[in-house]
Amino acid sequence: MFKRRIALTSIGFAMLAATAIAQTSAPSPNAPSPSTSAPAPSASSTKAPEQNLAGQGKWRASKLIGVNIYGPDDKKVGGVTEVLFDKTGKVEMITVGVGGFLGIGAKDVAIPFEQVSWSDQPLVTAAPVPAPSGGAGSGSGGMAGGGIASAPPAPRAPAMYPDHGKISLTKDQLHAAPAVSYAAGT
């Protein structure tokens, strides 16, 4: 049994190698030589479109899924579950999953894309002020104020999705809104 497996594996590798050799064979003698071919276009006459779209203000719909959405009180109301386009490719709506626990009992609510205020910067929340401790040298680590010093966030590389979105609806208003329904079979 073991010898048969080795033999079949060897035959498979031989077939793959033969295919690779056939694809990398030398050009036929009738093919034009590089010296007689047309000159290569210069970089100034034809410019290839930019392939790296990061930092050009483009977002990937697949990365928009899961972005957190916050209400007017800076409390998370849900996350993007779907991006809806019209026939021309213009984004019309997003759906936000609200309610439920671990995806069970949640519903999707449609929100017009224009009503979402997108931000590339993380949502800044005020850190709670630590309670004053009893003595002058009791556990503050020698820092003034007794807190932990934090550096400002480092600048991020251009992402192809926003950090979060904000809407004017509260979580309670989204719970009261009708759920999105899709056509059967989709």
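Contact here means heavy atoms within 4.5 Å.

**Figure 1. Overview of the predicted chain.** This is a predicted model in which local features need pLDDT of at least 70 and side-chain atom pairs count only at pLDDT 80 or more, while totals for chains, interfaces and linings use all residues. Residues are numbered from 1 along each chain as its sequence is written, and side-chain values use heavy atoms, with hydrogens and water left out. Among contacts between residues at least 6 apart in sequence, 55% join residues at least 24 apart. The chain has 3 helices and 6 strands (DSSP runs numbered from the N terminus: helices are H or I of at least four residues, strands E of at least two). Their order along the sequence is α-α-β-β-β-β-β-β-α. Of the 186 residues, 15% are buried (under 20% relative accessible area; exposed is over 50% and partly exposed in between, with a 1.4 Å probe and protein chains only).

Figure 2. Strand β6 spans residues 164–166. His164 has a relative accessible area of 4% and is therefore buried. Leaving aside residues up to four places away in sequence, His164 touches Val67, Asn68, Tyr70, Ser117, Trp118, Ser119, Gln121, Pro122 and Leu123. The C-alpha atoms of His164 and Gly66 are 9.4 Å apart, across a sequence separation of 98 residues.

**Figure 3. Polar contacts of the His164 side chain.** A polar contact is a pair of N or O atoms within 3.5 Å; within protein, one must be able to donate a hydrogen and the other to accept it, and residues adjacent in sequence count only if both atoms are side-chain atoms. The side chains of His164 and Asp163 are joined by such a contact of 2.9 Å. A polar atom of the His164 side chain also lies 3.3 Å from the backbone oxygen of Gln121.

**Figure 4. Aromatic cluster of Trp59, Phe113 and Trp118**. Rings of Phe, Tyr and Trp (its six-membered ring) pair if their centres lie within 6.5 Å; planes under 30 degrees apart count as stacked, over 60 as edge-to-face and the rest as tilted. The count is 2 aromatic pairs. Trp59 and Trp118 pair edge-to-face, at 5.7 Å centre to centre and 75 degrees between the planes. Because Trp59 lies in the loop between α1 (2–23) and α2 (61–64) and Trp118 in strand β5 (residues 117–119), this pair ties together parts 59 residues apart in sequence. Phe113 and Trp118 form a tilted pair, with 5.6 Å between centres and 35 degrees between planes. Phe113 and Trp118 are both buried, whereas Trp59 is partly exposed at 36% relative accessibility.
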